[in-house]
Amino acid sequence: MNDSVTDDPARGHSSATLLEASRLGVALTPELRPLWTGARLCGPAFTVQGAGGDNLALHHAVLQAPPGSVLVADLGGARFGHWGEVLTVAALHRGITGLLIDGGARDAAEIEALGFPVFSRNNAILGTRKDFRGVFGRRVTVGGITVGTGDLVVGDVDGVVALPAAEAGRILDRADARVAHETELMARLREGRSTLELYDFEAAGR
């Protein structure tokens, strides 16, 4: 395994693999999508409870979140540009690895150029006020899933999952095993075996 994978808190696994391995309801709503094509989100959550149309909480979160964390912000799905290029530059300087926001973000092209992964409910340009300081470190509901600080958040082109911190290690081990099994299955498919034969759907009554 290369260094880029061993340094990855999710061991390089996709959101789909982690969902299947988790055997839990950890998939966020599919409306939360990458702000730019190819973005991948991965890291322990630092939670932010903000207010729709107000981004003061995000400014404070950038200062409070530990390096290596993903900001996970509940903004109530509001269609405002809560996050943009300025906050991205500040977050990169602090070592923050990404943003998952149930709300809107803007400056997609500039953020892509900076390589900072943002997953949001919408891409919106409306400006925000700065009145609500926010609440940090408490459990928040984002994309229909409750996320706590320290939970492992992984997002890619297929979707986003939030793995409970207490279960993450076991889920990752099962994901490793699942990938190894699927690698073997695909080798057999390339030899000419069929999916019906390998999965034995009929025998299982499915």
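Is Arg178 buried, partly exposed or exposed? Arg178 is partly exposed, since its relative accessible area is 30%; buried means under 20%, exposed over 50%, and partly exposed in between, with a 1.4 Å probe and protein chains only. The model discussed here is predicted, so local features need pLDDT of at least 70 and side-chain atom pairs count only at pLDDT 80 or more, while totals for chains, interfaces and linings use all residues. Residues are numbered from 1 along each chain as its sequence is written, and side-chain values use heavy atoms, without hydrogens and water.

The side chain of Arg178 meets that of Glu182 in a salt bridge (3.5 Å, N to O). A salt bridge is a side-chain nitrogen of Lys or Arg within 4 Å of a carboxyl oxygen of Asp or Glu. Side chains of opposite charge can pair when their charged atoms come close. Glu182 and Arg178 are separated by about one helical turn, because they are four residues apart in helix α6 (residues 168–190); helices are DSSP runs of H or I with at least four residues, strands are runs of E with at least two, and both are numbered from the N terminus. Glu182 is also partly exposed, at 27%.

The whole structure holds nine salt bridges. One of them joins the side chains of Arg121 and Asp102 (2.5 Å, N to O). This pair links distant parts of the chain, for Arg121 is in strand β5 and Asp102 in strand β4 (residues 98–105), 19 residues apart. Arg121 is partly exposed, at 30% relative accessibility, whereas Asp102 is buried, at 6%.

Strand β5 (residues 118–123) also contains Ser120, which is buried with a relative accessible area of 4%. Beyond residues up to four places away in sequence, Ser120 touches Glu31, Leu32, Arg33, Leu35, Ile101, Gly103 and Ala105; contact means heavy atoms within 4.5 Å.

The interior can be considered next. In soluble globular proteins, nonpolar side chains tend to be buried together. A nonpolar core is a set of buried Ala, Val, Leu, Ile, Met, Phe, Trp, Tyr and Cys residues joined through side-chain atoms within 4.5 Å. The largest one here has 40 residues, of which Leu71, Val72, Trp83, Leu100 and Val153 touch the most other members. Apart from this core lies another, of 12 residues, among them Ala21, Leu152, Val161 and Ile171. Leaving aside neighbours within four places in sequence, Val72 is in contact with residues including Ala45, Phe46, Leu100 and Val153.
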